[in-house]
Amino acid sequence: MMRTPLIAGNWKMHKTIADAVGFVNDLVPRVADIVHTDVLIAPTFVALRDVVRRAEGTRILVAAQDVAAERIEGAFTGEVSAEMIREAGATHVIIGHSERRQYYGETDESVHRKVNAALAAGLEPIVCVGELLDERDEGRAETVVQRQLERAFEGLTASDLSRTICAYEPVWAIGTGRSATPETAEEMHRFIRDNVARIAGTDVAETMRILYGGSAKPDNVLELLSRPDIDGALVGGASLQINLFHKLIEIQESLIKDTDKK
């Protein structure tokens, strides 16, 4: 089954509003001829509305980098609700990113609540899962990822999951000097898809996009994106530079075109 690949740029705490809009200005003409690949960027909250306005009418999708677990307004200082994100014009939201888990106490339970809040507001969640270095070295990678998936998706319907994207982050391969081989990444993506099939059925599993989120760059991404269960990339540092990000999009687009020719 053909899934439309997605190249998503997570800008983290980078780019002022002016920088963000300037980047989109440069990106719009570069993706005008991209037809087989979805393109998404996730700016900071303060730049979200301006980026949405500039991307309006183009192929560029916009996501928030996080969302409050609470579904209603209230005394939650510093939080931004899914309804507010939706009103700003974003269509997607990243949930459970490894940095949120590592530095800000994100738990499987909070991820679960945030996924439900996002779906209730009509947003498409990009749910991040992945194991730490010691968890992989101890042979617990699949156990950890399975637990994260089961809790994140608990109680969701097939319809809910059909609007959900998953991103595998091998945290042990980010900034450690170690790398996830295409074979290792594909094995975990297949494991994730098999678990989604167990949770929600084969049809949902075969249509769900699963992105790779382990330091994807133009010089390492071709073999990764060529794997059958890797449906694009969640890109960090390489998404901050227009030439690198555009190159990733071009690589993914060319793979689809080559497949269509066969």
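Predicted model: local features only at pLDDT ≥ 70, side-chain atom pairs only at ≥ 80, totals over all residues.
Local features need pLDDT of at least 70 and side-chain atom pairs count only at pLDDT 80 or more, while totals for chains, interfaces and linings use all residues. Residues are numbered from 1 along each chain as its sequence is written, and side-chain values use heavy atoms, with hydrogens and water left out.

**Exercise 1. Work out which residues of helix 7 are buried and where they sit around the helix axis.**

Step 1: Find the helix. Helices (H or I, at least four residues) and strands (E, at least two) are DSSP runs, numbered from the N terminus. Helix 7 covers residues 141-152, which makes 12 residues.

Step 2: Pick out the buried ones. Buried means under 20% relative accessible area, exposed over 50%, and partly exposed in between (1.4 Å probe, protein chains only).

Step 3: Look down the axis. The buried residues of helix 7 fall within an arc of 130°, so they line one face of the helix. That arc is taken from the directions from the helix axis to the C-beta atoms. As a reminder, an α-helix has 3.6 residues a turn, so residues three or four places apart point the same way.

Step 4: See what this face packs against. Among the partners are helix 5 (108-120), strand 5 (124-129) and helix 9 (182-200); contact means heavy atoms within 4.5 Å.

**Exercise 2. Describe the surroundings of S81.**

Step 1: You'll find S81 in the loop between strand 3 (60-64) and helix 3 (82-87).

Step 2: Check burial. With a relative accessible area of 12%, S81 is buried.

Step 3: Look for a polar contact (N or O atoms within 3.5 Å; within protein, one able to donate a hydrogen and the other to accept it, and residues adjacent in sequence counting only if both atoms are side-chain atoms). The S81 side chain reaches the backbone nitrogen of M84 at 3.1 Å.

Conventions: Expected span 1.5 Å × (residues − 1).
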